[in-house]
Amino acid sequence: MITFGVWWLDVAFVAALITTILTRYGGPVFLLIYRKVYAYIISLLAEGYNKATWRYKEKLFEDLKTRKSALARNLRVLEIGVGSGANFLYYPIGTYVICVDPNPEFAEYIKKHAGRFPVVEFITAPGENMAAVHDESVDAVICTLVLCNVADQVKVIAEAKRVLKPGGKLYYLEHVRAPPDTWLYSVQNWP
């Protein structure tokens, strides 16, 4: 039996599990719980993730601070799959940040990391359909470790291209698929 050590969490878990199994409302209830738990876990992992990847990200984002719009303090950045805002450390102070993520639960964690920026706008949407973002409206699009989780990578890149201003830049960091017949390949292709 799974136990959280707090009686009401145990009851809530069992109630959610029963609701998920027995009712037509189970899918939305399960999705809500999944989104909340996923956002919480990602926010906990963000600090360790940044420690593990800072060298790569420093290199990736090194010219972000020297872009003409950054020097003029009017840099507009769109981050796809923003999660809890782990990349905010690398943005110049004063950047206007547009966050796009399909999980609305990340909005709460974004607020915690938004202090250095005059405007942080959170849009609940998948990267494949960012209709709320105007054409040619951002200087940079950030996409780190996201493309492995989207339904259509080509659409995400097309949307990034659509929202970038002329001369804008796509910054991305991705991992590659593990070789077949490995444990990691199985995890990456898990339903």
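The model is a predicted one, in which local features require pLDDT of at least 70 and side-chain atom pairs count only at pLDDT 80 or more, whereas totals for chains, interfaces and linings use all residues. Residues are numbered from 1 along each chain as its sequence is written, and side-chain values use heavy atoms, with hydrogens and water left out.

K36 forms a salt bridge with E105, with 3.0 Å between the closest N and O atoms; a salt bridge is defined here as a side-chain nitrogen of Lys or Arg within 4 Å of a carboxyl oxygen of Asp or Glu. The pair connects distant parts of the chain, 69 residues apart, with K36 in helix α2 (residues 26-60) and E105 in the loop between β2 and α4. Helices (H or I, at least four residues) and strands (E, at least two) are DSSP runs numbered from the N terminus. E105 is buried, at a relative accessible area of 16%.

In the whole structure, 7 salt bridges are found. One of them joins the side chains of D63 and K169 at 3.1 Å, N to O. This pair spans 106 residues, from the loop between α2 and α3 (68-71), which holds D63, to strand β5, which holds K169. Both residues are partly exposed, D63 at 24% and K169 at 30% relative accessibility. A further salt bridge links R162 with D135 (2.5 Å, N to O). Because R162 belongs to helix α5 and D135 to the loop between β3 and β4, the pair ties together parts 27 residues apart in sequence. D135 is exposed, at 51%, while R162 is partly exposed, at 23%. Together with E159, D135 and R162 make up a network of salt bridges.

The strands mentioned above belong to an open sheet of 5 strands with parallel pairing, ordered β3-β2-β1-β4-β5; strands pair if DSSP finds at least two bridges between them. The edge positions are taken by β3 (119-124) and β5 (164-173), each pairing on one side only. Strand β4 (residues 138-144) is joined to β5 by 6 bridges, and T144 stands opposite L173 in β5.

Helix α5 (residues 153-163) lies across β1 (76-80), β4 and β5, at about 145° to β5. Angles run from 0 to 180 degrees between N-to-C directions of axes fitted to C-alpha atoms, for helices over the stretch in contact, contact meaning heavy atoms within 4.5 Å.

Terms used: Buried means under 20% relative accessible area, exposed over 50%, partly exposed in between (1.4 Å probe, protein chains only).
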